[in-house]
Amino acid sequence: MGVESLLLGEVRRGLRAFCLERWQSLHENYARVNMSESGVAPLSLAELEELGLKLESLRELKLGYGWTRGSPELRSRISELYNGEVKEDEVLVTAGSAEANFVAAVSLVEGGDLAAVDLPNYMQVPGLLGFLGARVLEVKRSHPSWRFPVDEAVRVIEEERPKAFFICNPNNPTATVLREREVEELGEAARRAGTVLVFDEVYWGSELSEDKPSALENAGKDVAVSVCGLSKVYGMPGLRLGWLAGKKEIVERAWAVKDYVSIAPSALSDRIASAVLTQDNVRKLRRRAREIVGRNFELFARIMGGRLLEPLPPEAGAFVWARVPWARETLSLCKRLFAEKGVLVNPGECFDAPGYLRIGLGQRMSGFAESLHVLATALETMKEQAG
Ligand SMILES: Cc1ncc(COP(=O)(O)O)c(C=O)c1O
């Protein structure tokens, strides 16, 4: 199978294809109706101006390497998100949260180490753990609640003492969120076992019910690190700006791995993010994300609920995890949706969960109803054909 079509095979020995990213890379710019995004609609530079960015000031910016771990201004802005729990030198700015996951995994896990992972998730970390030669303990979520099985995770931590435990919360693809008490319990178990908890919380801030602190705050910085970024809730994936926050020794080792990858964040992105990431804007953008996702899901449930799909009401994120009761195989369904109707959604197979779709809810509300209509009509036809 050629790299172009590679979704479920291996890129090279030991490195499984990153199905979700490959699926999107191959299709997203050609889709007529793109419902594959997991974040809220990206902002334009003009919209960032409304949030206080002075575009004129960028004219003077020298495009040097800048600060390889992120400028002090930006790291200080990021540390504020953690209510004083993390200091400026406990933040590493990365090229998206994808790079933060990468440097966290490579700096924490060596060949032969035991590493636990929450499944399904975005699926970057499981692929990397295999590549690193870790012995992987899978802690699986399942139908119908898809909630993280905290009791089982605590047992795994206490009995197996993994070196690191990678948890995706709020979870992609299921859009479920851990309760604060559950995160505390995980933190207590990790403290007793000497396990590092790596929370990929790139959807943190989009919780629909209430504002929540970072899992790092609930679990404690002595045992937890936080991976986050501006791509999803804040609508700036094109900046490729993420970070890793946690205790200094972990962050500094991750920085040393980053030397091998991207060296530094883009100086332009660093400058823009430093200007925009004020506490006030963070509140505004989180509110924007909740409004878009809340209203879009209402519409989604009205049009799709029960009849065509069985959606799990999202607790966060900008997507919905939905079972297709009339199709067991969803990769071929997604291929047909794209080929015949130009509609792009993500197949459950990319999360090792055939029979499900992950559908984006982050689109601007003005265009969402039309996208839903196209998707619903296409699914209706395919359901009839499936008999
Ligand atoms: C859970 C999770 N982590 C990390 C990423 C990578 O995002 P980025 O590198 O744009 O921050 C994604 C993207 O979909 C994601 O869903």
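## Helix 3 against helix 10

Glu73, Leu74 and Arg77 of helix 3 meet Asp270, Ala273 and Ser274 of helix 10; residues are in contact if their C-beta atoms, placed from the backbone, lie within 7 Å. Two of the residues in this contact are nonpolar, one is polar and three are charged. Ala, Val, Leu, Ile, Met, Phe, Trp, Tyr, Cys and Pro count as nonpolar, Asp, Glu, Lys and Arg as charged, and the others, Gly among them, as polar.

The axes of helix 3 (residues 72–80) and helix 10 (residues 267–276) come within 9 Å and cross at roughly 45°. Helix 3 and helix 10 are therefore oblique to each other: angles under 35 degrees count as roughly parallel, over 145 as roughly antiparallel, 65 to 115 as roughly perpendicular and the rest as oblique.

## Basis of the description

This is a predicted model, in which local features need pLDDT of at least 70 and side-chain atom pairs count only at pLDDT 80 or more, while totals for chains, interfaces and linings use all residues. Residues are numbered from 1 along each chain as its sequence is written.

Helices (H or I, at least four residues) and strands (E, at least two) are DSSP runs, numbered from the N terminus. Axes are lines fitted to C-alpha atoms, for helices over the stretch in contact, and angles run from 0 to 180 degrees between N-to-C directions.

An open sheet of mixed pairing is formed by seven strands in the order 4-10-9-8-7-5-6; two strands pair if DSSP finds at least two bridges between them. Strand 4 (91–95) and strand 6 (135–140) stand at the edges with a single partner strand each, so one side of each has no neighbour in the sheet.

Strand 4 pairs with strand 10 (residues 241–245) in the antiparallel sense over five bridges, and Thr94 has Gly242 in strand 10 as its bridge partner. Helix 3 packs on the sheet, where it touches strand 4 and strand 10, and its direction makes about 110° with that of strand 4.

## Helix 11 against helix 13

Helix 11 (residues 279–304) and helix 13 (residues 365–386) pack at an angle of about 25°, their axes 10 Å apart. The two helices are therefore roughly parallel to each other. By class, their contact has ten nonpolar, one polar and one charged residues.

## Around the ligand

The ligand is surrounded by 14 residues, the closest being Gly96, Ser97, Ala98, Tyr122 and Ser231; a residue is near a molecule if its C-beta atom, placed from the backbone, lies within 6 Å of it. Helix 4 (residues 96–108) gives the largest share of this shell, four residues.

Terms used: Two residues are in contact if their C-beta atoms, placed from the backbone, lie within 7 Å.
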